[in-house]
Amino acid sequence: MSFLNRLKKRFSSNKSEQELEKSGEDQQEKLDDGLLSLEEFEEWEQEQIGYKFKQGLEKSRERFQTEINALMAQYRTVDEDFFEALEEILIGADVGFNTVMELTDELRREAQLKNITETTELRETIIEKMVEIYNRNDALDDEMNMQDDGLTVILVVGVNGVGKTTSIGKLAHRYVSEGKSVMLAAGDTFRAGAINQLQIWGDRVGAEVIRQGEGSDPAAVIFDAVNAAKKRGVDVLLCDTAGRLQNKGNLMNELSKINKVISRVIPDAPHETLLTLDATTGQNALSQAKSFKEVTNVSGIILSKLDGTAKGGIVLAIKNELGIPVKFVGLGEKMDDLQEFHAENYVYGLFADMVDAAEEEAETD
Ligand SMILES: Nc1nc2c(ncn2[C@@H]2O[C@H](COP(=O)(O)OP(=O)(O)O)[C@@H](O)[C@H]2O)c(=O)[nH]1
Ligand SMILES: [Mg+2]
């Protein structure tokens with residue numbers, strides 16, 4: 001089966017939007033009531049994920065497809081001009097210089113090896129290579145390090161406005177839906193608004209919020225929270241922070257103090273330190289990541305607001321140029337718009353129209 005057909009089989013759907021917009025809990029209930037078989041439930045789940053990525057990446061997909069179509073129309077035969085124009089498109093989509101070079105070098109080789117002369121024949125290979133490059137050097141730590149037994153502490157860092165608090169709310173919702181007990185720590189004590197915002201999320205998803213007043217010591221709040229979570233047998237503690245990058249020395253001290261107090265209660269915690277980056281800020285997000293890497297251990301990225309950019313290629317740049325896996329992507333403002341990141345879901349979202357059309361071709365011939 002071709003690569004596109006495999007994606008199609010997994011993610012494309014004949015279900016209505018209404019059906020795919022149903023919440024996981026509704027479907028879970030149907031499953032529990034025997035109105036849905038496990039197979040049907042899993043199929044719905046996969047297709048819903050595809051739908052979410054398709055919706056979330058609409059802007060990027062439109063831009064990318066328009067440009068790739070124009071490219072193929074302009075350059076019909078595979079030559080150096082074609083590759084250079086392709087490189088320009090990819091760089092324009094924030095894929096990142098080194099990643100683009102790696103990608104196009106491999107395409108050049110592939111074209112030579114397989115004697116591909118028509119540019120349209122390379123279309124599918126471009127997509128396939130994107131997945132391949134993303135998944136290369138894939139360490140096991142793409143998965144969240146969740147403890148099966150006992151408390152998992154997740155620290156969320158990043159500069160102001162990138163989407164930390166919102167992502168924490170969405171993550172809390174995800175874990176609560178999985179049947180876990182969740183607690184939130186209001187470690188962004190810089191502004192009163194930040195504490196209240198987290199409280200609103202806590203109330204919405206049914207998670208207790210450990211908080212102190214504005215201006216209190218974030219490490220003290222988080223220390224209280226880890227103790228409370230441990231005492232109450234909570235499964236997941238999500239810690240909000242204020243990531244003021246203006247003064248790297250201060251930030252480093254603040255984060256190392258937070259790490260210290262957490263590990264005083266649970267020696268191998270935090271189990272995850274997730275850096276939140278705003279996809280709409282492009283190369284700026286990359287430089288933030290570099291700065292944070294210098295001040296603390298980052299185990300994964302939450303890439304928020306992917307729905308707000310037409311330059312969705314930033315995902316590839318982050319993984320390839322920083323060597324940090326993207327663990328979640330924000331695809332919208334709704335509670336279940338934070339999705340686990342996998343390269344296949346992503347390229348489906350980026351090329352959904354092409355993928356959806358692929359099987360039709362296969363069926364008709
Ligand atoms: N469209 C969209 N907006 C988002 C996403 N994540 C966060 N936001 C918005 O970004 C803004 C800042 O988010 P917030 O969580 O307060 O950022 P923080 O300062 O890092 O805690 C809010 O208006 C959020 O609704 C996302 O994935 N998609
Ligand atoms: Mg916040």
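In this predicted model, the span of residues 325–338 has its end C-alpha atoms 16 Å apart, and its secondary structure amounts to 0% helix and 43% strand. These residues are the ones that UniProt, in an unreviewed entry, lists under "domain: SRP54-type proteins GTP-binding".

Gly330 is also among the residues that come nearest to ligand 1, together with Gly163, Lys164, Thr165 and Thr166, out of 17 residues around this ligand. Helix 9, which covers residues 164–177, supplies the largest share of the shell, namely three residues. In its composition the shell around ligand 1 comprises eleven polar residues, five charged residues and one nonpolar residue.

The domain assignment divides the protein into domain 1 (3–57 + 348–364), domain 2 (58–135) and domain 3 (140–330). The centres of domain 1 and domain 2, taken over C-alpha atoms, are separated by 27 Å, and their contact involves nine residues of domain 1 and eight residues of domain 2. On the side of domain 1 that touches domain 2, helix 1 (3–11) and helix 15 (343–364) are the elements that give two or more residues, with helix 15 giving the most, five residues. This side of domain 1 consists of six nonpolar, two polar and one charged residue.

Helix 6 (residues 80–92) packs against helix 7 (residues 97–113) at an angle of about 145°, the axes lying 10 Å apart, and the crossing of these two helices is right-handed. Helix 6 contributes Phe83, Leu86, Glu87, Leu90 and Ile91 to the contact, while helix 7 contributes Phe97, Val100, Leu103, Thr104, Leu107 and Arg108. Of the residues in this contact, eight are nonpolar, one is polar and two are charged.

How values were computed
Residues numbered from 1 in each chain as written. Chains lettered and ligands numbered in written order. Predicted model: local features only at pLDDT ≥ 70, side-chain atom pairs only at ≥ 80, totals over all residues. UniProt positions renumbered as here; feature names shortened; annotations may be inferred. Helix = DSSP H or I, 4+ residues; strand = E, 2+ residues; numbered from the N terminus. Near = placed C-beta within 6 Å. Nonpolar A, V, L, I, M, F, W, Y, C, P; charged D, E, K, R; others polar. Axes fitted to C-alpha atoms, helices over the stretch in contact; angles between N-to-C directions. Left-handed = near helix turned anticlockwise from the far one by under 90°. Contact = placed C-beta atoms within 7 Å. Domains from an automatic or database assignment.
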